[in-house]
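User: I would like to learn how to read aromatic pairs and pockets in a protein model. Could we go through one together?
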Amino acid sequence: MESTLDTTTTSLYDILKKQQQTAVAWRSSTAQERINRLKAIRSWIKDHQQAIRTALWDDFQKPETETDLSEIFPVTSEINHTIKHLKSWIKAQSLPTPLPMLGTKARVQFEPKGVALIISPWNYPFNLAVGPLVSALAAGCPCIIKPSELTPHTSALLAEMVSDLFEKDEVMVVQGDAEVAQSLLALPFDHIFFTGSPQIGKIVMEHAAKHLTSVTLELGGKSPTIVTESADIKDAAQKIIYGKLVNCGQTCVAPDYILVHESQKDLLLAELKQAIQQMYDPDYKGIENSKDMARIVNDRHFSRLKSYLDDAVEKGAEIEFGGKNNHHHRFIEPTLLTNVQDEMLVAQEEIFGPILPILTYVDLQEAIDYINRKPKPLALYVFDQSKQYEDVLLQTSAGGAVINDCVLHFIHNELPFGGVNNSGIGKAHGYYGFLAFSNEKAVLKQRVGLNNATLLRPPFGIKTKQIIQSLIKWF
């Protein structure tokens, strides 16, 4: 099977046309046929687990265990969950009949939207390409995958996997830069699933609007973490550090900044430092020598993060831990910042790296108001042993929230995952991923002959008017 092709707009359009023919054929595909495709992916992953680890290491020195946990496990778990439930998801859902509709039968029938485009990011290049593919195949959609050019080894491996398992008129990987992505976005797909920044998400949505293509946008933003006065500080620190530093902070749902009650600031700082030391430098040989810390993906992102750090220090922020960096190895030491002000870049931009600003509050409403002044985040974390987290959930908006942990909701197969407004549109994972690629078609069956609706046809007499007034009054 083929894994590469000429990426001119004409050739891409030819592939799209062939996949559109497949989409028509796959509309009537059974749950078992779709499950078989998912089982094939699962088997391929099992047989190529070391190749996946190697590709991620070659792209940005991602530790093998971290690859297993954050790239492979979420995908195999998604596949297993989908295989288990797909036969029930795919069934039409019968609906109750309102009194004015007596004599009719209603159902929702799930049909594939058609040909999908999946544009996946570089930070979890295997997970965030194959995860949406699982949902697309579950719904019965052929698709084209455009992985990131910033992680070329993983992109090549994705192309190999897809070419081993599918014909190009079923699933195709198209590699290339932003110009290739632009060519793909010019085509009339039936659905686009994009994972990336809000800035690029707006461009994707603009292109999709030209064809009235539906979109799922998994974006990002500055995900806040509140630590209240009742929190277990040691427990919170360990969970925050793991959530922040997995993948070297290059995670869309990583804690972006902390809002800690003023009374707990010093203790939290001490526990955060201890947690970093325990996880990444237990032998005191230097965090840069840790085998468990990935690297920044490229020079551009390294320079971006260093500029954030330099800007913060120049404007008065204090480095409480870390701050060291090595451009040659694209290494930035986990860094804790205090005395952070709103005019600093770390307070304005999504950090997407191992830099963690720590702010304080006295009254919980201060923290809530601070969050609400910013665009709605992808995730919200609250560490609290009282019921204050209920006030936070009620008064703020976020794509998802976790109480007393971080990032864990991403791998909960029963939960919808996604953002809200600036942090995303639509939901993914499990049943919600299946719905993202499905059209929920309303089907109504009316009985033949006399029925309620026949009483409402012209000519409109007094009885018809009385019936309509009764409908308005009672139904």
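User: Which element gives the largest share of the lining of the largest pocket?

Analyst: That share, 6 residues, comes from α8, a helix in the sense of a DSSP run (H or I, at least four residues; strands are E, at least two), numbered from the N terminus. A pocket is found on a 1 Å grid over the protein atoms alone, as an open set of points where a 1.4 Å probe fits, with protein on both sides within 12 Å along at least five of seven lines, and lining residues have an atom within 4 Å of a point. This is a predicted model, in which local features need pLDDT of at least 70 and side-chain atom pairs count only at pLDDT 80 or more, while totals for chains, interfaces and linings use all residues. Residues are numbered from 1 along each chain as its sequence is written, and side-chain values use heavy atoms, with hydrogens and water left out.

User: What volume does the largest pocket have, and which residues lie nearest its centre?

Analyst: The largest pocket holds about 1200 Å³ of space, and of the 43 residues that line it, W122, G196, S197, Q199 and I200 lie nearest the centre. Two or more lining residues come from each of α7 (178-185), β6 (191-195), α8 (198-210), α11 (299-314) and α12. By residue type, the lining divides into 20 nonpolar, 12 polar and 11 charged.

User: How is a pair of aromatic rings described?

Analyst: A pair of aromatic rings is described by the distance of the centres and the angle of the planes. Rings of Phe, Tyr and Trp (its six-membered ring) pair if their centres lie within 6.5 Å, and planes under 30 degrees apart count as stacked, over 60 as edge-to-face and the rest as tilted. The structure holds 9 aromatic pairs. In one of them, the rings of W122 and F352 have centres 5.6 Å apart and planes at 85°, so this pair is edge-to-face. The pair links distant parts of the chain, 230 residues apart, with W122 in the loop between β3 (116-119) and α5 (127-139) and F352 in the loop between α12 (345-348) and β14 (355-361).

User: Are W122 and F352 buried or exposed?

Analyst: Buried means under 20% relative accessible area, exposed over 50%, and partly exposed in between (1.4 Å probe, protein chains only). W122, at 11% relative accessibility, counts as buried, and F352 counts as buried at 16%.

Notes. Points joined across faces, edges and corners; volume = space filled by probe spheres on them. Nonpolar A, V, L, I, M, F, W, Y, C, P; charged D, E, K, R; others polar.
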